[in-house]
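The structure comes first, and my notes follow.

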Amino acid sequence: MSIRTCLTALLAASALVAFHPTTSLAAPKTELVLAIGGEPDDGYDPVLGWGRYGHPLFQSTLLTREADLSTTPDLATAWSLSDDRLTWTVKVREGVKFSDGTPLSAKDVAFTFTETAKSGGAVDLSVMESATATDDETVVIKLKRPWITFVENFYSLGIVPAAEYDAGYARKPVGSGPYRMVSWTEGEQLIVEANPFYYGKTSPFTRITFLFTGEDTSLAAANAGKVDVVSVPATLADSLPNGFKAVIADTVDNRGIVFPMLRNEGKTDAGGYPIGNDVTSDIAIRKAINLGLDRKALVDAVLLGHGTPAYGPADGLPWSNPEGRLDEDVDAAKALLDQAGWAPGGDGVRVKDGLRAAFDVIYPSSDSVRQGLAVMLSEQMKALGIEITPKGDTWEGIGRLKHANPVLFGWGSHSPQEVYSLYQSDWAGIESYNAGYFSNAAVDAHFAEAQAAESLQASYPFWKQAEWDGKTGFSAKGDAGWAWMVNLDHVYFVSECIDVGETQIEPHGHGWPITSTLQNWKWTCN
Amino acid sequence: MTIWTRFVAIRFLRLALLLAGVAVVAFALAKLSPVDPVTAYLGPNIAKVGPEQRALIAARWGLDQPVTVQFLHWLSNLVSGDFGWSATYNAPVTAVIGSRVAASAALMGLAWLLSGVIGFSLGVIAATFQGGWCDRIIRVYAYVLASTPTFWIAILLLMGFSVALGWTPVCCAAPIGLLPGEATLLQRLHHLILPLVALSILGISQIALHTRAKMIDILESDFATYARAQGASRLDVALRHGARNAALPAITVLFASLGELFGGSILAEQVFAYPGLGSATIEAGVRGDVPLLLAIAMGTTLFVSVGNTIADILYVVADPRIDLASDAALREIGP
């Protein structure tokens, strides 16, 4: 009896304390605590890949993207591409200093690009021939072939000081970005403060602590009022702590299934595993699945409403073409299958020439969202007479199965390079890029035109044509190489006193991308 | 002298063989594992990186060499005291481990000591008052906790003490936003409390249950009955005659649990963002960072193996009837 009273008392006490307001409304804060993950194990070295998402903090880049993804110059004041599309000439801003007070010149920019190309990090500059500084303000970058997506590096590659760069750089970065490192306790927290030499817009927040806690602990920290911003998985998005508001970022963090495009003719890939699938190689099946998917229901059931329907790999980005999508229509899907000779069989599954419209869809078994999507897909496709068996596997298993079975993948990037990797025929069967062996000469031709465009802006129409040019494309209306399903929302709990402004359409990877607009954040309480 | 020399020599030889075996097997397992270090390294960047760049990354880490060459290269470096380069952390393995081992050692050492002392005391108390309410509470506590995963306990503790009550910090080894050098000893201890409790709870139940079973045997033995007949209370017998005998299984369990303790600390460190070896171990595994994984595996082997040797020596101290000369007796538990 005494134990029970004790427990009841404890519970009551904890409940009382829990409902106390946790955020104090004092003077404008200049210090922030963020629990949004994103700790780079190998340090803050752009040459090895740091800063590919969100804000590089310590370094600055040649160009930046605003919240609406429009381009603004940062370290670059002018940039132009030669008529043969092989030479970029970039003018570098004058009077910029690194956080140690030394000046930044074109030599540092050239050094960063050259070093990155040979360092073997996560940045692919293999298309670059050379980068040289012709004087203190001019960098000339030569490419091996026309390649407009190279410009992505202008947005994401932070410039490092040539004189300071060495093996220890990643743990004590020096750059021209808005912040400089105060301390980094690996696995625990990163503390940064405003860089007094920063040339750009200064933020009202002069000291920021990034906590590298797991999702559950981060949410607990928000409940205890210890953090100002925390990233939360969609499944926890409804448990808003006191004193916080939810900020929901649209994304191209997509999920979809890739269809094997070839018939199974006994061919194998480099590893000896089969290529092709007789059912999904039929375009009627691929289009019918795209027509028959109820994407809204997927969002509601699997993502608890925290997502948007996906129709392509880059929904909402300037190089995606909404014209290529097929509107959901179950009757049209059935009619299409009837027309293609897929007749309803005795067990409800359609049959054509003795072949049942049945296949497995493979998902990584560690990912509960993808499992949910695969199961819902299977349920929805029953209505069409297509039998889909969801099967979970390890990534290694998926590696063996991905060329002969549809796989539930996730992508999403701020560069059209990703679209190229997914649908270009040269990339068929290489790693996980074009796993379905998608091949369409017209799409390849549009990609080549896009890569040879005079600017990224000018390349957008060609990427759109690759998706759908009125006759063909990689979209559902065209060859339907994928059935894109959903884009995941990225949910952040933000202190009621902070205005983070407009958020970007975020890429794959939840957490750090919210820092891309860090400079615009404001404290709104008095 | 001769017995001890032989004992130490044999133990060293065994340890050397064990380490060699662990190195070969761990290396082979890591290489057979489905994890592709380059893919794991790239993560979401994967679609921006072409095959040429992947080859460049593999070359940077020496993964373009045949597996046997990689192993021999690693082994020859090891002999000269170089544990290799951690691809995950882009730093020497010794630096990665060195910067994390102190925090882990404090956490695990204290947890180990606490679980030993508290577990043994609870076991003795439970056996002394066998069948009473005290015994029942301790038994229920032990059974429930023995079947509870550490991370779950850790999250519960966090919700209760850090969020609802606000008594303890939510994370980290030092206060949020404070430089590592600025934290006082008191603040550090404050941050150690929850991870320590989460980790100790696991060990306590096992030791308590083993001690209890042994102590009940002792209390029902002839010499205990004789002592009771002379007027000693159950508690007297337990403390004066039983404790030393009952210590043997406790010592065994305590030292055998070193491996489990290491595993538990990984989870506790993850939950509390406590910057120890735990997250480094997980990262090394999921990203196929072989040099780091091997160093941690061999360190753990050394740690558990030395622990077991100490247990064997302590048997002799606790019970002089155990003969060090005979190997069979070394492993025997109790009289």
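I took contact to mean heavy atoms within 4.5 Å, and I kept in mind throughout that the model is predicted. With that cut-off, I found that the contact takes 54 residues from chain A and 46 residues from chain B.

I then looked up the area, and chain A and chain B bury about 4200 Å² between them, with 59% of it on carbon and sulfur atoms.

For polar pairing across the two chains, I noted 16 residue pairs in polar contact, both residues at pLDDT 80 or more. On the side of chain A that touches chain B, the elements giving two or more residues include helix H1 (2-18), strand S8 (179-185) and helix H4 (215-223) of chain A, and H4(A) gives the most, with 5 residues. I recorded that side of chain A as 22 nonpolar, 17 polar and 15 charged residues.

Between chain A and chain B I counted 2 salt bridges. B:Arg287 meets A:Asp41 in a salt bridge at 3.0 Å, N to O, and A:Asp41, B:Glu283 and B:Arg287 are linked in a network of salt bridges.

B:Asp135 lies in helix H6 and B:Arg212 in helix H8 of chain B, 77 residues apart. I noted B:Asp135 as buried because its relative accessible area is 0%, and B:Arg212 is also buried, at 13%.

Conventions: Residues numbered from 1 in each chain as written. Chains lettered and ligands numbered in written order. Predicted model: local features only at pLDDT ≥ 70, side-chain atom pairs only at ≥ 80, totals over all residues. Heavy atoms only, no water. Buried area = accessible area lost by both parts, 1.4 Å probe. Salt bridge = Lys/Arg side-chain N within 4 Å of Asp/Glu carboxyl O. Polar contact = N/O pair within 3.5 Å; in protein donor to acceptor, adjacent residues only side chain to side chain. Helix = DSSP H or I, 4+ residues; strand = E, 2+ residues; numbered from the N terminus. Nonpolar A, V, L, I, M, F, W, Y, C, P; charged D, E, K, R; others polar. Buried < 20%, exposed > 50% of the residue type's maximum accessible area, 1.4 Å probe, protein only.
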